[in-house]
Amino acid sequence: MMPGTLEARGRVVDVRGDVAEVRIAVASSCHGCRARAVCGSGAERSVRITAPANAVVGDPVVLKLEQTNFTLGMAIGYLLPAVTLLLGAALFSFAGDAAAALGAAIGLTTGLFLVRLLHRRLLADRVQPAASVTCPSQSFPGESP
């Protein structure tokens with residue numbers, strides 16, 4: 001794995017046209033983590049990706065995503081709504097608590113709208129992991145052979 005690249009291993013469970021559903025293997029470090037109950041990473045997950053060439057059900061795949069793209073996506077998805085919520089509350093706070101609450105609601109709504117707009121225009125291709133099919137006989141940690 002190259003530095004700056006996030007990697008996950010999984011198996012193709014469905015292919016429809018150019019979209020593949022991949023079930024991601026559980027990381028071995030998840031089993032010992034105390035936060036796994038609230039994180040959701042301790043359970044298997046399925047993601048939809050652009051199907052690799054000639055992918056069939058049962059193929060093991062490696063998903064790779066640049067860490068900078070992941071960080072950008074997380075910043076836009078989580079920080080932008082929080083910042084616009086606080087900005088809306090601050091702008092309306094001069095008119096009292098009720099106005100500040102209304103400003104916060106308007107700010108949050110605006111932030112969520114911006115996230116959706118930016119995702120469609122800027123992030124859709126950048127936060128899509130690249131998938132490559134690995135050796136079909138290879139099993140991943142956490143899988144029964």
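Visitor: Is V115 buried or exposed?
Guide: The relative accessible area of V115 is 19%. Buried is under 20%, exposed over 50% and partly exposed in between (1.4 Å probe, protein chains only). V115 is therefore buried.

Visitor: What pLDDT do side-chain atom pairs need in this predicted model?
Guide: Residues are numbered from 1 along each chain as its sequence is written, and side-chain values use heavy atoms, leaving out hydrogens and water. The model is predicted: totals for chains, interfaces and linings use all residues, local features need pLDDT of at least 70, and side-chain atom pairs count only at pLDDT 80 or more.

Visitor: What separates the C-alpha atoms of V115 and I76?
Guide: V115 lies in helix α3, residues 97-123 (a DSSP run of H or I, at least four residues; strands are E, at least two; both numbered from the N terminus). Beyond four places in sequence, V115 touches I76, G77, L80 and P81 (heavy atoms within 4.5 Å). V115 and I76 are 39 residues apart along the chain, and their C-alpha atoms are separated by 6.3 Å.

Visitor: Which residue pairs with R16 in a salt bridge?
Guide: The whole structure holds one salt bridge (Lys or Arg side-chain nitrogen within 4 Å of an Asp or Glu carboxyl oxygen). R16 is exposed, at 63% relative accessible area. At 3.0 Å, N to O, its partner is D14.
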